[in-house]
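Open the model in a viewer with both chains shown. The stops below say what to select next and what is there.

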Amino acid sequence: MYEKRLDNRGFDELRPMEAETGVVPNAKGSARFRIGNTEAIAAVYGPEEVKPKHFEKFDRGIIMCKYDMLPFSVPDRAKPGFDRRDTEISQVITNALSRAIRLEEMPRSMITVRVYVTQADAGTRCASLTAASMACADAGLPMRDLVAAVAAGYIGGSVCLDLTKDEEDLHDEGATDVPIAFLPSKDEIVLLQLDGKVGHEELNEVIKMGKIGAMKIYELEKEALRRRVSNES
Amino acid sequence: MINVKNFEMVTPGTLLSDEENGRNGTYSEGKNVYSKYFGMVQVNERGVSVSPVTSNYFPEEGDEVIGRVVEAGSKYWVVDIDAPYLVRLDNRDVNFRTEMGELDRFMSRGDLIFARVATVYVNNAADLSMKGTKYFKLPSNMIVKVDPTKLPRLIGKEGAMISLIKQETNCDIIVGQNGVVWIDGKDEDRAAAISAIEFIDENYFNPELTDSVRELLKNVREKT
């Protein structure tokens with residue numbers, strides 16, 4: 001049984017969060033998102049001409065995300081460059097963002113999103129996705145909605161929100177990690193992965209819990225974007 | 001039912017109204033109108049619109065733009081107008097007669113031109129045209145880039161702001177609708193004009209922009 005969380009949080013409580021936009025001056029749009037000890041920086045470039053040319057779609061734009069974990073982001077040094085995990089996460093972020101961005105409005109163009117994880121403590125793909133969607137909004141891209149992503153989980157019979165690395169590693173308790181990304185105002189799920197073992201009904205509860213967390217993140221995203229304008233004035 | 005107030009800042013996906021009265025910068029799903037951009041809401045009797053904080057230029061027919069020639073082909077020039085893709089200027093769409101294969105005698109790589117977007121195709125490819133007395137090759141090479149969404153502030157009501165800058169600095173200024181601004185004049189005049197334009201780019205939301213720009217230009221002039 002898992003009755004008290006390792007860091008004394010409530011089961012439906014997120015780690016302390018921080019969000020900021022406009023952190024990379026050379027990019028069209030950029031954002032930083034921190035949740036607990038996980039931090040991601042996203043930068044958006046474009047829309048620009050598609051390269052390589054054969055990726056071009058004549059009726060809509062394409063989006064290319066690159067997720068990268070910096071060598072110093074984890075206790076053991078992460079090897080620089082893209083490994084298999086980076087490629088997978090790049091792909092799921094691309095899929096989630098292409099549901100959020102109205103690509104059909106910019107045919108024959110390409111948007112490049114680069115996400116760097118400067119600190120990793122579980123939930124990096126969710127933090128990356130959140131940062132990337134804020135950066136896209138900052139870049140002035142036409143979007144259906146912002147993306148709010150959070151990891152929920154199921155550990156030893158209780159549903160938890162926003163797992164840390166230590167919690168993810170509680171394999172004896174059957175720790176299950178479920179990263180979920182929502183389009184909050186559309187109530188649409190754009191990313192759902194599952195690592196572990198969980199029953200049908202429990203999974204529904206995990207998703208419900210994830211939604212509560214995502215709404216909180218959504219509020220923070222909106223506030224961060226608004227703050228960017230009021231800072232300028 | 002309109003859910004937002006005038007001049008409110010909204011993020012993408014905010015529900016604006018459910019009356020099918022969305023205009024620029026919005027999209028609708030069923031009857032609901034949502035914001036498409038991170039920007040400011042404008043509500044009037046015709047509907048709800050959102051003007052984005054930052055924007056990207058996509059060519060539209062009739063836009064008067066400033067572009068840079070990147071290539072002279074045998075029958076057309078390839079021009080960069082700060083859109084996601086390069087556009088073409090056919091040799092039949094200019095005011096002078098050209099011979100095939102020697103287009104770079106008239107305009108070559110690196111030259112700036114003032115032209116009109118003649119046609120935009122379904123896939124967003126566009127053609128330029130320089131037919132007409134308004135359009136010409138620009139003689140000097142000084143340009144500044146401004147976000148297209150801030151151009152209304154740079155131009156001002158009936159051109160008030162831009163003519164103020166022109167008067168105060170004795171510069172020739174042409175504003176392209178793609179956000180490229182061409183400046184010609186003496187070096188110190190140009191510097192003054194550029195500082196004014198950059199000031200507008202940063203402070204476009206300031207309601208007393210004209211006065212601040214006038215003051216800024218006065219300060220700059222006194223220094224030189």
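Start with helix 3 and helix 4 of chain B, which are roughly antiparallel to each other, on the convention that angles under 35 degrees count as roughly parallel, over 145 as roughly antiparallel, 65 to 115 as roughly perpendicular and the rest as oblique. Helix 3 spans residues 187-202 of chain B, and its angle to helix 4 of chain B is about 150°, with the axes 10 Å apart. Axes here are lines fitted to C-alpha atoms, for helices over the stretch in contact, and angles run from 0 to 180 degrees between N-to-C directions. Helices (H or I, at least four residues) and strands (E, at least two) are DSSP runs, numbered from the N terminus.

This is a predicted model, in which local features need pLDDT of at least 70 and side-chain atom pairs count only at pLDDT 80 or more, while totals for chains, interfaces and linings use all residues. Residues are numbered from 1 along each chain as its sequence is written, and chains are lettered from A and ligands numbered from 1 in the order in which they are written.

Stay on this pair and select the residues that meet. From helix 3 of chain B take B:Ala192, B:Ser195, B:Ala196, B:Phe199 and B:Ile200; from helix 4 of chain B take B:Leu209, B:Val213, B:Leu216, B:Leu217, B:Val220 and B:Arg221. Two residues are in contact if their C-beta atoms, placed from the backbone, lie within 7 Å. By class, this contact of helix 3 with helix 4 of chain B has nine nonpolar, one polar and one charged residues. Ala, Val, Leu, Ile, Met, Phe, Trp, Tyr, Cys and Pro count as nonpolar, Asp, Glu, Lys and Arg as charged, and the others, Gly among them, as polar. The crossing of helix 3 and helix 4 of chain B is right-handed; a crossing is left-handed if the near helix is turned anticlockwise from the far one by less than a right angle, and right-handed if clockwise.

Select B:Ala160, B:Met161, B:Leu164, B:Glu168 and B:Thr169 in helix 2 of chain B, which meet B:Thr210, B:Val213, B:Arg214 and B:Leu217 in helix 4 of chain B. The residues of this contact divide into five nonpolar, two polar and two charged.

Go to B:Glu158, in the loop between helix 1 (151-155) and helix 2 of chain B. Phi of B:Glu158 is near 50°, a positive value in a residue other than glycine.

To see chain B by domain, colour domain 1 (9-52), domain 2 (64-138) and domain 3 (143-223); such bounds come from an automatic or database domain assignment. The centres of domain 1 and domain 3 of chain B, taken over C-alpha atoms, are separated by 30 Å.

Now switch to chain A, which has four helices and nine strands. Their order along the sequence of chain A is β-β-β-β-α-β-α-β-β-α-β-β-α. The C-alpha atoms of chain A fill a box of roughly 55 × 40 × 35 Å, taken along the principal axes.

Select helix 1 (residues 84-100) and helix 2 of chain A, which pack at an angle of about 40° with their axes 10 Å apart. That makes helix 1 of chain A oblique to helix 2 of chain A. Their crossing is right-handed. Among the residues that meet here are A:Ile89 and A:Val92 in helix 1 of chain A, and A:Leu129 and A:Ala132 in helix 2 of chain A.

Which residues does a cis peptide bond with omega of about 5° join? They are A:Gly46 and A:Pro47, and A:Pro47 is in strand 3 of chain A. A cis peptide bond also joins A:Lys51 and A:Pro52, with omega of about 0°. A:Pro52 lies in the loop between strand 3 and strand 4 (62-69) of chain A.

Finish at the contact between the chains, which takes 27 residues from chain A and 21 residues from chain B. Strand 3 (38-49), helix 2 (124-138) and helix 4 (200-232) of chain A each supply at least two residues of the side of chain A that touches chain B. Helix 4 of chain A gives the most to that side, with four residues.
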